[in-house]
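Q: I would like to learn how to read the features of a protein model one at a time. Could you take me through helix packing, aromatic pairs, backbone details and burial?

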Amino acid sequence: MDRRTFLKSPAAAAAVTFSGAALMGIADAAAAAVRPAPIDFKANLPASGGFPEKWICGSPSCMDNKDPPVHVHWYNAHTAILRQNKAYSYEAPFAPLYFGNDRVLLLDEGFVQLRNDWDLRGVVDECINDWCRRNNRDPASLELLVAFSHLHADHFAATNQFADRPNTRYMGLTHEEMLGFWGMTNFPEQVVSLDLGGREVLIWGSPGHVISEFAYYDTYTQILFTGDMFYRGRCYISFWQPWFDSMKRLIDFCDTHPVTHVMGCHVEISKDGQDYAYGMTYQPDEAPVQMTVQQLRDAFAYAKTITKPGIYFTGTVFLCNQTRGTTTIDQYPYRYD
Amino acid sequence: MPTRATYSPVLSGNSMSVTGSAYPNGNPDLPYNLPGVRNTDSVVALHRSTPVIHDYGCDGPAPGRFVMRWIYGSNVAARNRDPRIQVVQYNEDTFVLRQNVCVHWEAPFTYLLFGNAGALLIDAGATADARHYPLRETVDAIITRWSQARGRRKVPLTVALTSGEDVAQNQGLVQLAGRADTVIVPRPLEVMKRFYGLGATWPSGRGKIDLGDRVIAVIPTPGTHKDGVSFYDPYCDFLFTGDLIFPGKINIGNDRDFVASLERIKAFIVDHPVKSILGGHIEMMFVPGRYYPRFATYKPYERLLEIDPALIDELLEYARAVQGKDTMLIRRDFVLLNGVSPDQRTPDWPSDLPNITPPRPF
């Protein structure tokens with residue numbers, strides 16, 4: 001595995017010397033003294049957790065929406081899942097926030113750029129402060145990694161809100177920079193392991209919806225985050241064979257690793273399988289974001305039968321095979337003879 | 001921009017408005033005293049003791065202008081603070097109401113016309129909840145002010161829809177139910193036909209709604225909706241066409257009816273002066289052939305509402321071209337969707353239009 005050092009070594013390993021070394025040393029020692037024992041992310045796996053009964057899901061009149069810009073749900077004590085408000089953007093993606101002893105990983109953002117429109121940075125900071133209070137840590141001691149599942153703007157639009165945040169690294173907006181961020185040299189097969197400080201996240205390529213996409217597996221919650229290539233809605237498959245191969249890679253992974261939930265970036269379908277059309281800002285009866293491994297397997301089995309472009313419903317998701325530009329599911333309701 | 005000999009744009013001003021008014025500072029070649037002055041009653045009525053009888057007679061269209069820009073939503077719909085209904089007075093007796101696009105993405109236009117014997121509300125908006133879309137309150141307030149200015153105690157209101165079945169135009173009706181001195185044109189197709197006296201002739205024939213010296217013609221125009229009608233106002237010379245003709249994605253409900261209705265409109269235009277066709281929505285951008293997708297809540301590059309009546313020829317030509325085909329066809333000022341999804345896209349770009357990709361705002 002050819003990876004950058006920051007992926008495998010804890011941030012604390014970097015030694016820095018200053019002219020006031022003695023003073024700094026005392027301060028460090030004091031900090032170390034109060035620092036509690038590291039959280040064990042390797043025992044009692046998978047870590048239990050839960051999804052909310054209902055996410056915020058927009059409103060009939062957008063300007064009358066009183067929900068917060070971001071719904072923050074703590075899946076468990078060390079895992080938050082963020083969801084953008086549909087009245088802020090119809091894309092309303094889900095964004096996991098994984099905490100480790102040394103680092104915090106934010107995956108995906110939402111489809112609004114500026115802080116004055118929605119303060120994602122503030123929300124993330126508040127989550128980090130909250131976690132640090134509960135775990136008796138100094139927020140400044142944690143490094144924030146801002147990454148995204150794939151190279152679409154609804155997943156990286158808010159990136160620059162983090163430009164002036166200390167102790168923060170974020171992914172660039174090209175395929176090369178994305179791969180470089182994870183130290184990958186053999187996309188998409190190569191699996192890299194990101195160490196958040198006792199908590200490992202496995203990352204590999206998952207092209208198909210777009211070329212530049214990753215799958216993320218959190219070894220602590222054992223959630224498999226599949227981005228936009230597989231989610232509860234219309235999986236827009238731009239490139240069939242790479243997508244099919246990525247699905248195979250996910251299935252192979254599930255064959256060899258325990259997976260509690262498969263989670264995509266969006267929900268565009270109701271509990272009873274109705275399609276919420278592209279762009280809708282109110283989804284009152286939406287299906288849960290989390291899916292089972294069986295649903296993933298069923299979709300893959302269905303995908304094996306697909307030979308032509310078109311829209312196919314697997315029972316869980318719509319597979320929109322190379323149809324993005326020309327077709328959708330809705331019909332004009334006022335047709336008559 | 002036609003100019004006359006004595007007018008020099010260099011000396012007397014160039015138009016910077018999108019509406020392209022040729023004489024931004026007035027046309028010096030026209031007489032100072034134009035006959036349209038008699039269609040104004042705001043001030044001369046001030047000290048009358050009896051209700052004003054407004055003069056709805058005029059040579060050509062009654063004076064009036066759309067100068068304001070329509071509200072167009074905002075990037076973050078939840079933070080929009082524009083009025084829920086934008087009210088624009090076209091002239092003293094003609095109002096246009098637009099629903100805020102952040103209340104409902106259809107952002108329909110609703111028209112309120114006054115005559116000497118009553119008022120007509122054309123269409124009723126896309127939202128039933130008065131807290132989100134205070135149609136009744138807004139209409140009541142305009143009628144109150146108008147009736148005070150005209151010295152009228154009662155202004156009977158007729159509410160008519162360009163399509164009774166269209167949920168983007170009929171939702172506000174519930175707010176007007178039970179309103180005093182109000183007649184709501186019944187919605188079921190058969191009852192509506194009889195109301196307009198078109199029971200035997202539909203879709204031929206014409207109905208009318210007499211507002212008192214301002215007689216609105218009712219033209220059956222099914223095609224996008226089974227129960228579609230258009231309204232013609234001989235005072236402003238406006239044709240209100242709802243979903244049949246508007247600058248946007250025109251979803252055809254029945255292509256035979258659609259072509260027949262356009263032919264009917266074309267024949268109507270031949271012997272009635274039409275200044276503008278006003279539809280129920282705007283979906284096109286001012287970039288040729290480009291449109292906003294469904295559910296968009298931020299439309300900063302919207303095309304103008306007004307459609308030149310000459311566009312009917314192009315519309316009819318391409319309506320005939322798509323007849324019998326499940327297809328989508330893009331033109332500069334409209335898009336036709338026949339038998340396909342409202343979200344249909346097409347790789348076919350019309351060769352006579354520049355293909356400009358407008359910037360996408362975040």
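A: What follows takes these topics in turn, beginning with the chain and going on to its details, and the model is a predicted one.

Q: How many helices and strands does chain A have, and what share of its residues count as buried?

A: Chain A has seven helices and 15 strands, and of its 337 residues 58% count as buried. Among the contacts in chain A between residues at least 6 apart in sequence, 64% join residues that are at least 24 apart.

Q: How is the packing of two helices to be read, and at what angle do α6 and α7 of chain A pack?

A: Two packed helices are described by the angle between their axes together with the distance between those axes. In chain A, helix α6 (residues 240–256) and helix α7 (residues 293–303) pack at an angle of about 140 degrees, and their axes are 10 Å apart. The crossing in which α6(A) passes α7(A) is left-handed. On the side of α6(A), the contact is made by A:Trp240, A:Trp243, A:Phe244, A:Met247, A:Lys248, A:Leu250, A:Ile251, A:Cys254 and A:Asp255, while α7(A) contributes A:Val293, A:Leu296, A:Arg297, A:Ala299, A:Phe300 and A:Ala303. By type, the residues of this contact divide into twelve nonpolar, no polar and three charged.

Q: Which way do α5 and α6 of chain B run relative to each other, roughly parallel or roughly antiparallel?

A: Helix α5 (residues 255–271) of chain B and helix α6 (residues 311–322) of chain B have axes that come within 10 Å and cross at roughly 160 degrees. Angles over 145 degrees count as roughly antiparallel, and α5(B) and α6(B) are therefore roughly antiparallel to each other.

Q: Turning to aromatic rings, how many aromatic pairs are found over all chains, and what kind of pair do A:Tyr332 and A:Tyr334 form?

A: A search of the whole structure finds 36 aromatic pairs over all chains. The ring centres of A:Tyr332 and A:Tyr334 are 5.4 Å apart and the ring planes stand at 75 degrees, so this pair is edge-to-face. Both A:Tyr332 and A:Tyr334 are buried. Aromatic residues can also be listed as a group, and in chain B one aromatic cluster is formed by B:Phe66, B:Trp70, B:Tyr90, B:Phe109, B:Tyr111, B:Phe238 and B:Phe240.

Q: Where should I look for cis peptide bonds, and in which loop is the place of A:Pro188?

A: The angle to inspect is omega, and for the peptide bond from A:Phe187 to A:Pro188 omega is near 0 degrees, the bond being cis. A:Pro188 has its place in the loop between α5 (175–181) and β7 (192–195) of chain A. In chain B, the peptide bond from B:Trp202 to B:Pro203 is cis, with omega near 5 degrees, and B:Pro203 lies in the loop between α4 (189–195) and β7 (207–210).

Q: What is phi of B:Asp213 near, and is B:Asp213 buried or exposed?

A: Phi of B:Asp213 is near 65 degrees, a positive value in a residue other than glycine, and B:Asp213 is found in the loop between β7 and β8 (215–220) of chain B. Because its relative accessibility is 52%, B:Asp213 counts as exposed. B:Asp237 also has a positive phi, near 60 degrees, and is found in the loop between β9 (229–233) and β10 (238–242) of chain B, but at 3% relative accessibility B:Asp237 counts as buried.

Technical notes: Residues are numbered from 1 along each chain as its sequence is written. Chains are lettered from A and ligands numbered from 1 in the order in which they are written. This is a predicted model: local features need pLDDT of at least 70, side-chain atom pairs count only at pLDDT 80 or more; totals for chains, interfaces and linings use all residues. Side-chain values use heavy atoms; hydrogens and water are left out. Axes are lines fitted to C-alpha atoms, for helices over the stretch in contact, and angles run from 0 to 180 degrees between N-to-C directions. Helices (H or I, at least four residues) and strands (E, at least two) are DSSP runs, numbered from the N terminus. A crossing is left-handed if the near helix is turned anticlockwise from the far one by less than a right angle, and right-handed if clockwise. Contact means heavy atoms within 4.5 Å. Ala, Val, Leu, Ile, Met, Phe, Trp, Tyr, Cys and Pro count as nonpolar, Asp, Glu, Lys and Arg as charged, and the others, Gly among them, as polar. Angles under 35 degrees count as roughly parallel, over 145 as roughly antiparallel, 65 to 115 as roughly perpendicular and the rest as oblique. Rings of Phe, Tyr and Trp (its six-membered ring) pair if their centres lie within 6.5 Å; planes under 30 degrees apart count as stacked, over 60 as edge-to-face and the rest as tilted. Buried means under 20% relative accessible area, exposed over 50%, partly exposed in between (1.4 Å probe, protein chains only).
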